[in-house]
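The following exercises are intended for a reader who meets this structure for the first time.

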Amino acid sequence: MREDPKLIPIVKATALTKQVSTGSDHLVILHDINLSVIEGESLAVIGSSGSGKSTLLGLLAGLDSPSSGSVHLAGEDIFSLDEDGRAALRGRLLGFVFQSFQLLPALTALENVMLPLELAGVRDAQPAAMDLLNRVGLGMRLGHYPKQLSGGEQQRVAIARAFVTQPHLVMADEPTGNLDSVTGAQIIDLMFELNQERGTTLILVTHDESISSRCKRRIRLEAGRSVVGHD
Amino acid sequence: MNILKLSFRMLKRDWRAGELRVLIFALVVAVGGMTTVGFFSDRVQLALSRQGNQLLGADLIILSDRTLPIHYQDEAKRLGLSVSSSLKFPSMASRGDISLLSEIKAVTPGYPLRGELRITEDFGGASEPVDRVAGSIPERGTVWVDDKLMARLSLKRGDEIEIGDSRLKVAARITQEPDHSIGFINLGPRILIHADDLPATGLIQQGSRIVYRLLVAGDAGVVETFREWSQSHLMMGERVEGIRDARPEIKAALDRAEKFLSLAALASVVLAAAAIALAVRRFSHRHLDGCAVMRCLGASQSTLLRLYLYHFTLLGLIASLIGCGLGLVAQEALVYWLSVLVDEELPWPSMVPAVHGLLTGMILLLGFALPPLLNLRSVPALRVLRRDIGLASGHGLTGYSIGLAALTVLFVWKAGDIRLGLSVMGGFVVAILLFGLIGFLLVRALSGMSGQGGGAWRYGLASIRRRATGSVVQSVALGLGLMALLALTLIRDDLLQNWKTSLPPDAPNRFLVNIQKDQLQPLEAFFKENAISQPLVFPMVRGRLTAINGKNIVSGDFTDTRAKRLIEREFNLSWASEMSPDNLIVKGHWWGRGDTGKAVLSVEEGIAKTVGIKVGDALTYDVAGSPFTAHVTSIRRVDWDSFRVNFFVVTPPGVLDNYPSSYITSFHLPPKQSDLMNHLIRAFPNFLVIDVASIIDQVQKVMDQVSRAVEFVFLFTLLAGFAVLYAAIASTQDERIHEAAIFRTLGAQRSQLVRSWAAEFAIIGGLAGVFAAAGASALGYAIGEYALNLSYSFNPWIWVTGLTTGVVGVTVAGLMGTRSVLSQTPLTILRKIA
């Protein structure tokens, strides 16, 4: 039996280390990272390029495996699971927003948003997906394919897709990285609004200080080490 | 359920976006080619089996080239079976000045026991005459003729025709007849007469080629009992035929034709496989991101596998169904095109070839698409964050081994011959490996030259080096495609040409058989009178081989069917003092003048090998009921293509002179003098004239039509070749788009890009051309040597054509294919990539 998720951290990383071998040497990408995020919190991971931000996000989501250390998502040790187990856990708990949107070009905006529900075996995915697309302001563009949408619109679709499963946790990797500043600001507003409305936990990777300042907590990475923690 | 819906949606979208164009095209062409051949041969086979019951005119037949002993008839009657008999032989039928070699069938009352004999008294020649079941056989003194004889002798009801010494009245026209010949080579006109009229014709003489038949019909079980009884009583030269053994020669010929056409269609299947492999390779690269996203969104490996399995199964089914439809239409066109060849109304085909087509399509698609798709499910989810992470490598050849195994199964199945199937596939695998290896070595060698030459060449070579694997895959696939095309065009022409030139223009075109001894003088006079140079006349004695070295032999001693036939049948022995100029002694020696009257033999090489006869063996023949034994002193090789009179077994003069003999001769009759034959037949009614000119003509016509059918199937190969070309060029298109954007952003002119790509395509095309020429030469040699027994002469044009077609074809197609890349602005492309 698991403990009530409300009482335990939704994400808990312990002594998380990632190193890769480059011939004879070992290159440390992340070194001994410890963090825990409580449900409903927002956390910004900041740092310059190559500081290990995206690697940390990949490990927290179970997209990659660490050299040592552990990650618990909603109390579950994700690295004790196999690939498919981790995928199922992601489908249940997580939503993602990526820098490069990562929409499936073969599917319409509506179908892209329906996708995670369908993968989870939800029978009637359409109403929920339409609701969310209406919420992000794309109610008129349900049948459009990604390449018929602007960058900002594509990211709105991606945000709708991230929230449609009512995830406990949304992870965003440089969500404004491919957008101009005005559109970027709108996207960030939208994400925080949805985060507030739905009480979702948010982990946001960015190099933009102004965006990170909107989160409740921040950690800064430098050369794979956590140097500052703002509580 | 959702996964099924999702995969259907993705399929629809991929279809609309043109992602699957090559795949669908290749599949449709492969399945279309296979089903065309399948439907076509199915129709011919169906026509055969539909008439199968009627082919014999009975449930069982006993055949012999001698009068059948009465005990067969007695036993059949004792068992309560219906019995009738017939006697068939070729002879001349004439009316006025015109004579025609016809097939005479003399029948007794009761014929036919099975099937319908239908006749009409309407001689108007209407295509749908009012006919009726005959219910009897021709009355004495009358004949029933078929429409060919009617047309060619301009017969009306009541006209008289001459058959041998008799004049018989034409009473009816046959509209349908059991054992009517069907299929590719129709025999001469047919005449049905009452058996009692036969003696008066004087045509039944020594040496006449007559087939005696006893027809039996009745309850299936009783017929089977009779079959068993008669099989244990068969004498030499006699055999039993039921429906299952009927028309083996037509069945064998059709089987061979079907195999040949199937193999030609399989060439397009191999090409389609190459196109599919290339296209799926591109497809899986393009779907890496989508799979990573789905993994990230919680899709399990099995979900992804199911998603693509449904996707491709649906795709395969749809494309294969389209292919089947294409095959159905194309076979109708083929039947129409070959209407001269098949003068029968063919029945509508069964759906079996469609099922085979669907199976072929699915095997092909899943065999070549599944391995890369299986890999897709293991795409790392981390790719959503780091796009440089792709698939683990090492799925190349092992992955395609499933496809190759699938293709081998297809080959063995379609060729109906494990050895043939395996060796063809083995050839392809060796070719792929060899081409691949040479390709890698050449690409490496070419890379060393990249510092030389002009700018365009330098970039072209650099591109090839950068895309080494892609370039080698491209040139191997294109090489295979071009190889199949070269082999089918040039080599086929070469082999046909070799076959045709083996026959000189002044080769004898008429054979005279059944010349009696007392007719030799008058015949000589006839030739002199008509200014035709005297041909050599050969004596002929009919005998059957009964013992070798004193040991009696029966057909059951041999497994080889040709050997069995040779033992069962009578064949012709002759004598000569000089050997024919087209013969060559391969063992032993020819006799001298002093050997006249000595009981020695010279045996033809082929028959000696089949039956197992060596120099020194004593052979015993049954000649007209008495044994004749002689020793083999030589084995001869005979050039049968010369169309001269030749014999399997020859003795010196003075050995067989006292046995009953007839004579045979052959001569060249100029086409202008063909009227002369009618005079000859009138003067010598018992002669059997074999018009070899028309046989050669007919053989050539059949060859011609078979090669037209192959040409038709070749269209599919050509289309499949285009699919390979398209897929090969598309396989590097994405990289090229990216490259173009960067080059043009850096200031490269369109013409500079075009030149460097032209150089790259030319090199790949050149490699493909070299592979194709080498492969096609090897294939031509193998086909000529092992399949057709024709020597294949090396054709240097293959190299010229292969290289030129490769370089020009690939460069032009490549540049055309990349045109769209150049027409987009760099910014559009860079945005797309981002």
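The model is predicted: local features need pLDDT of at least 70, side-chain atom pairs count only at pLDDT 80 or more, and totals for chains, interfaces and linings use all residues. Residues are numbered from 1 along each chain as its sequence is written, while chains are lettered from A and ligands numbered from 1 in the order in which they are written.

**Exercise 1.** State how many helices and strands chain B has.

*Solution.* Helices (H or I, at least four residues) and strands (E, at least two) are DSSP runs, numbered from the N terminus. By this rule, chain B has 24 helices and 22 strands.

**Exercise 2.** Determine whether B:Asp59 is buried or exposed.

*Solution.* First, locate the residue: B:Asp59 is found in the loop between α3 (52–55) and β1 (60–64) of chain B. Next, apply the criterion: a residue is buried if 20 or more other C-beta atoms, placed from the backbone, lie within 10 Å of its own, exposed if 12 or fewer, and partly exposed in between. B:Asp59 has 23 other C-beta atoms within 10 Å and is therefore buried.

**Exercise 3.** Describe helix α23 of chain B (residues 797–823).

*Solution.* Finally, identify its buried residues, among them B:Ile798, B:Val810 and B:Thr818.

Note on methods. Expected span 1.5 Å × (residues − 1).
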